[in-house]
Amino acid sequence: MIVIEDLVKQYGRFTAVDGVSLDVKPGEIHGFLGPNGAGKTTTLRMIAGLLKPTSGRVLVNGHDVAIEPEAAKASLGFIPDRPFIYEKLTAGEFLRFHGGLYGLPDEGLDARARAMLELFDLGRWENELVESFSHGMKQRLVMCAAFLPVPRAVVVDEPMVGLDPRGARLIKDVFRTMSGRGVAILMSTHTLEVAQEMCDRISIILKGRIIARGTVPEIRAMGDGHDDHLTSVFLKLTGGSALQEIDEIVG
Amino acid sequence: MVRAFPYLLRPHLFATRNRARRRERGDSTRGLLFGGIGVVVCAVLFQASTWLTGQLTDYAELGDYLLRLGLSWLFLTFLSFLAFSGVVTALSTFFLADDLRLLVAAPVATRRLFHARFLRTLAQASWMVVIFLVPVLMGVGWARCAGPGYYLMSVLTIVPFSIIPVAVGTGATLVLVNTFPARRARDLLMLMGLLFAASLVILLRFIRPEQLLRVESLPDLTDFFATLQSPITPLLPSFWAGETIFATLRGGRDLLHAGALWTTALASVVILRAASERWYFAGYSRSQEAPKARFTRFRSLDFVARALPLSTVRRQLLVKDMKIFLRDVGQWSQLLLLLALVLVYLYNFRVLDLQRIPYMSGFLKNVYAFLNLGMAGFVMATLAVRFVFPAVSSEGHAFWIIRTAPITLRDFLWSKFWTGLVPVIVLTEFLTVVANEFLGVDPFLKVMAAFAIVFMSFALVGMATGLGARYPRFGADVSQAAGSYGGVAFMLQAVLFIIVMIVLLGWPSSIYLMNQFRSSSLTFAQQIWILTCFASAAGLSIVLWLTSMRAGVAALERMGE
């Protein structure tokens with residue numbers, strides 16, 4: 001559903017993404033992990049059509065984002081890490097506007113928007129201006145918008161930031177339900193527990209290159225085998241050994 | 001170690017320094033352009049005040065009286081401007097600025113924070129007044145051959161004169177924020193300020209000052225001076241500043257009024273600091289609250305949009321833009337000022353008494369028709385730079401929604417164009433037709449002007465939309481975007497375009513009118529010439545319109561590179 005082939009993004013002499021290839025199948029939740037500045041967001045923004053790759057290509061639902069951007073975008077839902085939305089629109093108006101951009105017909109749009117708001121626990125905020133929403137509410141509203149046009153694939157950048165435990169649980173349930181219905185989800189996250197709990201496969205990116213890929217047990221096997229969690233593997237693969245010096249620095 | 005309050009100004013100073021160091025495309029042009037405009041404005045102000053003071057010197061006692069009156073009026077005007085500017089700036093610097101979260105959470109005493117913020121408020125609220133006052137006062141001093149004492153005293157007068165109204169404005173903000181939530185207070189202020197400005201413009205015009213120039217109204221001159229004198233009261237700092245400067249200009253010293261200025265400035269800062277220590281945190285805390293916003297749903301807008309023959313995407317873009325515009329007080333309230341200016345503009349043509357020059361009235365009417373066309377062009381350019389140019393920038397950080405949606409950026413930009421075009425064309429067409437009707441110009445010119453406005457609207461709105469897409473300022477508010485490099489570049493191009501259009505339309509029209517005046521018919525060569533000029537004007541408009549839009553779309557598409 002989402003296919004990335006040898007994707008490269010250079011800013012002058014700096015290479016942010018260096019030959020990344022990925023394949024997210026229908027119904028799969030694919031975790032995209034890596035330390036800060038590894039190239040996760042840049043990769044996701046190229047898939048969403050926000051950035052033009054220096055080379056390589058991105059296919060969404062069989063459509064090349066560079067050649068058929070409208071067709072590719074029509075199959076894709078994008079959830080950015082920071083939920084910037086039009087502050088002077090109400091939640092309902094924003095969803096109707098978003099639906100209109102994706103060509104959803106007016107008939108049934110209101111009902112669909114309302115259903116999505118109820119699903120994301122925002123039903124009673126339908127007629128309130130977005131400017132009065134908290135960060136977590138805006139994040140959930142962006143997710144409503146992403147799932148409103150029934151996308152075939154979803155790209156999510158840090159979905160759990162700013163969400164309370166109830167919201168996080170809700171999002172996990174929604175993502176599982178959507179993947180059960182065949183939606184391919186590519187999710188970048190720093191929360192390793194979330195990746196471990198939800199993802200079918202995980203790719204770890206470092207300095208613009210994929211350095212590990214596999215199912216959770218496969219990734220875990222790359223560690224020393226003594227830890228049930230991904231943290232030690234992640235630190236081992238991404239060079240987090242500097243953490244051992246913390247005790248000395250903190251004193 | 002507790003550092004002195006100027007330490008708190010460091011981030012602002014560093015940011016300014018870093019901004020100056022960072023080179024961006026167009027920096028030199030922008031610097032030259034704004035610097036050049038600034039120098040020209042200062043030179044004109046200096047020259048004008050020198051000339052005026054020189055003229056007044058010829059009238060001895062009366063001249064001195066008028067100069068004294070003029071100085072009081074000058075300071076009085078700035079007094080209200082500074083107070084209002086102080087209110088608006090203080091709202092931002094004391095209550096809404098992003099860095100306040102860091103500073104209020106840090107172990108910084110309210111008193112230190114107050115000093116740092118007040119200094120910043122003072123600088124931000126008064127720099128424009130100071131830049132305006134300096135060449136004017138220098139011009140006055142130059143014309144009266146004043147010594148160095150005069151210039152020193154001018155500086156010593158401007159400083160406390162600026163402090164007093166800004167302190168009063170900051171105090172008013174403190175009260176307002178403790179009464180209303182800060183964001184609502186800002187909207188309220190914006191609306192009040194613009195209503196005040198609009199009513200002032202209308203009031204000043206409807207007094208009909210041009211009557212004073214008529215010989216038959218000379219007996220009313222004493223009444224006129226009495227009217228001028230009435231708002232000047234010895235209790236206001238503007239009067240003290242005027243008197244201090246005037247006394248120094250005559251070689252004397254007015255220590256009473258200078259002392260009044262300095263003691264009042266000091267007292268106002270001390271009182272404000274005490275009030276701030278008592279109420280600042282309560283106000284800041286209130287400004288953090290997010291009250292349930294009051295707003296209008298504009299359901300009728302959805303209903304009307306559904307009736308329009310538009311695609312779903314264009315309809316949704318239109319409804320979104322309209323609702324955002326109408327819910328932002330800072331945006332729509334500017335229309336009030338615009339409405340006032342339009343009323344004054346039409347009223348001018350209504351009261352224009354061309355019959356007083358019987359032999360020239362026919363000729364003048366037609367000249368005024370072109371003046372009217374030029375004025376309509378400038379109104380159009382102003383509207384376009386203020387409301388159309390920032391259309392892309394107004395998407396702000398939410399622009400990702402458009403860029404990730406399955407629509408082309410071409411569709412998006414054209415939607416912005418049509419949304420901007422309709423109100424601009426309606427308003428300027430109305431202005432031109434009504435003004436030409438009031439003037440009673442030749443029917444040929446009426447038709448020509450009506451068509452010209454259509455072409456000019458397309459060109460200017462296209463240029464504004466295109467340049468707005470080429471030079472967007474997503475992080476800035478709408479007025480900042482309008483005043484940015486792209487906005488200024490648009491205004492320069494717009495002025496050039498209007499001048500070229502007036503020439504292309506005025507020249508052939510004069511041939512036609514001249515022939516009509518002589519009751520002779522146009523020769524074939526003249527007809528070809530007239531048609532060529534009109535076709536060139538239409539062609540130029542269409543080329544500008546389409547190339548600007550195309551460049552705008554290309555710039556948006558390059559954004560992801």
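The legends below describe close-up views of a predicted model. Residues are numbered from 1 along each chain as its sequence is written, chains are lettered from A, and ligands are numbered from 1, in the order in which they are written. Local features need pLDDT of at least 70 and side-chain atom pairs count only at pLDDT 80 or more, whereas totals for chains, interfaces and linings use all residues.

**View 1. Chain A as a whole.** Chain A has ten helices and ten strands; helices (H or I, at least four residues) and strands (E, at least two) are DSSP runs, numbered from the N terminus. The radius of gyration of chain A, taken over C-alpha atoms, is 19 Å, close to the 18 Å that the globule rule gives for 251 residues, so chain A is as compact as a globular protein of that length. That rule is 2.2 Å times the number of residues to the power 0.38. The C-alpha trace of chain A spans about 60 × 45 × 35 Å along its principal axes. Of the 251 residues in chain A, 45% are buried. A residue is buried if 20 or more other C-beta atoms lie within 10 Å of its own, exposed if 12 or fewer, and partly exposed in between, with C-beta atoms placed from the backbone.

**View 2. The two domains of chain A.** Domain 1 comprises 1-75 + 155-214 and domain 2 comprises 81-150; these bounds come from an automatic or database domain assignment. Their centres, taken over C-alpha atoms, are separated by 22 Å. The contact takes 13 residues from domain 1 and eleven residues from domain 2; two residues are in contact if their C-beta atoms, placed from the backbone, lie within 7 Å. Helix H6 (residues 165-180) of chain A gives the most to the domain 1 side, with five residues.

**View 3. The side of chain A that touches chain B.** In this view, 25 residues of chain A are in contact with 26 residues of chain B. Helix H2 (69-74) and helix H3 (91-101) of chain A are the elements that give two or more residues to this side of chain A. H3(A) gives the most, with five residues. By class, this side of chain A has 14 nonpolar, five polar and six charged residues. Ala, Val, Leu, Ile, Met, Phe, Trp, Tyr, Cys and Pro count as nonpolar, Asp, Glu, Lys and Arg as charged, and the others, Gly among them, as polar.

View 4. The buried residues of helix H4 (residues 109-119) of chain A are Ala113(A), Met116(A) and Leu117(A). They lie on the same side of H4(A), because they cover an arc of only 100 degrees around the axis, the arc being that of the directions from the helix axis to the C-beta atoms. These buried residues pack against H3 and helix H5 (135-147) of chain A. Asp121(A), which follows H4(A), has a positive phi near 60 degrees. Cys144(A) touches Leu95(A), Met116(A), Leu117(A), Phe120(A) and Leu122(A), not counting residues up to four places away in sequence.

**View 5. Two residues with positive phi.** Glu158(A) has a positive phi of about 50 degrees although it is not a glycine. Glu158(A) is in the loop between strand S7 (153-157) and H6 of chain A, and counts as buried, with 20 C-beta neighbours inside 10 Å. Cys145(B) also has a positive phi of about 50 degrees without being a glycine. Cys145(B) is in the loop between helix H5 (110-143) and helix H6 (148-179) of chain B, and counts as exposed, with 8 C-beta neighbours inside 10 Å.
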